[in-house]
Amino acid sequence: MAQQLAIIVLVDIGNALEANSLRDNVYLFDNMKLHGSDGQGTGDLVTAIHGAYWRDGSQATEQVLNWLPYSLGSLPPTVPRGYESERALQSDARALEELDALTAKPDATDPAADLNEIRKAVGTRVKTTRRTKGRLSGQKVIDLTGEIVTDTSAGTYSYPAPVITDIYGQAVDEKIMYPAEYGSPDLVTDGWYWSATVDSSRPGTYSYSMRIQLHRLVQRGSEALWEPVNLTCESALRVTSEPKVNGFTGSGMGLLPLDPYPSSAQGAEYFQPGPQQPGPQQPGSQQSGVQQSGLVEEER
Amino acid sequence: MTSETDNGGARRPIAITAVVDCVGALATGTVHGNLYFYDTNKAGGSQGFGTEQLRTRVRSGDQVLWSVLALECEAYTAIDGIDIDHELCEPERRVYPGTDVAYWIGTVKKDIPGDTYYQVRFRLGSRDEPIVTTLSPSLVG
């Protein structure tokens with residue numbers, strides 16, 4: 001199976017919305033730093049893609065890229081899926097409890113103040129539109145600590161995670177990579193993620209663009225809405241030609257340099273390959289595991 | 001421009017995010033070269049984005065919220081503690097309601113004349129001992 005390469009797209013949503021641009025407001029990472037990726041943690045990441053080849057020159061496999069968009073200064077991606085909706089339900093339940101307690105109170109001295117407290121518990125539900133329903137449905141405005149926000153004008157709210165809506169550009173046009181959005185059981189990407197297979201047979205540097213959707217909270221009358229804002233940023237792939245190597249040894253493909261015999265006497269007791277399941281062999285060895293096991297016994 | 005909102009009321013907390021290359025840090029035994037700090041106060045004058053020496057511009061009364069993001073989403077990464085002058089700020093660990101996902105939050109108690117450096121201790125993978133930042137980020141007045 002091809003190696004999975006991950007690219008994290010970290011967006012400073014507040015500043016990006018303020019500047020109406022992702023320039024200097026997006027930070028890219030991948031897990032190929034040791035393989036030569038440049039610009040980790042900046043907006044100028046060049047992802048190293050090692051074309052994997054057998055030693056006879058034939059292509060061994062494609063590489064697979066995954067993109068994970070995260071937000072700077074929002075709820076972390078590690079909170080459970082649907083956390084915002086869950087908090088909305090919890091706040092509704094709490095408000096109902098408080099309302100129930102208020103109606104049962106025989107001598108409410110300041111019902112207006114009590115109702116105001118309940119209003120705070122209810123928070124601000126975000127109205128969804130045809131463009132924003134789905135992942136944002138049933139949510140309320142919550143802050144960076146997961147608490148319900150009543151006064152959205154204070155600007156203390158958490159932005160929804162950015163969404164990649166397209167990947168295009170030179171690397172796609174020249175058929176270096178084939179990106180697509182897939183459904184996923186992955187809990188940290190809200191059920192969707194962008195992935196691409198990369199044709200690693202053509203070395204070179206290829207740029208690509210990402211269209212990223214952010215959401216700006218707007219107040220229309222008494223309603224709060226997440227208004228989509230589409231911005232773009234660029235990155236690049238650098239495909240190089242490398243022979244396929246053993247990831248453990250860094251040398252050619254072959255058997256792992258593992259001792260086929262447990263070194264301790266206790267371990268040897270458990271090394272009992274059956275006649276239908278020959279044990280591991282040393283490279284170049286024609287002896288079966290059973291025969292080798294016998295040699296170990298003789299050497300003792 | 002600072003983190004204060006236009007209405008002059010509540011301020012948006014300044015969020016500091018540590019992005020950790022957990023595998024790289026565990027392989028080398030240090031977060032040096034495997035850690036990238038960011039905050040949300042670039043417009044307020046913070047500097048050093050993407051480095052281990054982030055300088056976060058703060059002022060008295062600002063709330064600062066620290067969280068961590070792992071480069072590999074399967075890797076366990078958490079902040080174990082933040083060592084900073086408690087005369088300035090006393091970060092405390094909290095969890096998002098109903099979860100075990102933690103963050104650290106503290107209020108800047110007073111204006112700072114210069115840089116106040118601090119260290120962050122990280123818990124990574126199944127390693128028993130925390131790994132401490134070698135280069136120090138700072139809060140700047």
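**View 1. Both faces of strand E1(B) are covered.** Ile14(B), Ile16(B), Ala18(B) and Val20(B) lie buried on one side, with Ala15(B), Thr17(B) and Val19(B) buried on the other. Buried here means that 20 or more other C-beta atoms lie within 10 Å of a residue's own; 12 or fewer make it exposed, anything in between partly exposed, and C-beta atoms are placed from the backbone. In a regular strand, side chains alternate between the two faces of the sheet. Please keep in mind that this is a predicted model: local features need pLDDT of at least 70 and side-chain atom pairs pLDDT 80 or more, while totals for chains, interfaces and linings use all residues. Residues are numbered from 1 along each chain as its sequence is written, and chains are lettered from A and ligands numbered from 1 in the order written.

**View 2. Strand E1(B) pairs with E4(B) and with E2(B).** Strands (E, at least two residues) and helices (H or I, at least four) are DSSP runs numbered from the N terminus, and two strands pair if DSSP finds at least two bridges between them. E1(B) and E4(B) run parallel, joined by 7 bridges; Ala15(B) has Leu65(B) as its bridge partner there. With E2(B) the pairing is antiparallel, over 5 bridges, and Ile16(B) partners Asp39(B).

**View 3. Asn20(A) and Asp24(A) sit in the loop between H1 and E2 of chain A.** Most residues other than glycine have a negative phi. Asn20(A), however, has a positive phi of about 55 degrees, and Asp24(A) one near 65 degrees. Asn20(A) counts as exposed because it has 12 C-beta neighbours inside 10 Å; Asp24(A), with 14, is partly exposed.
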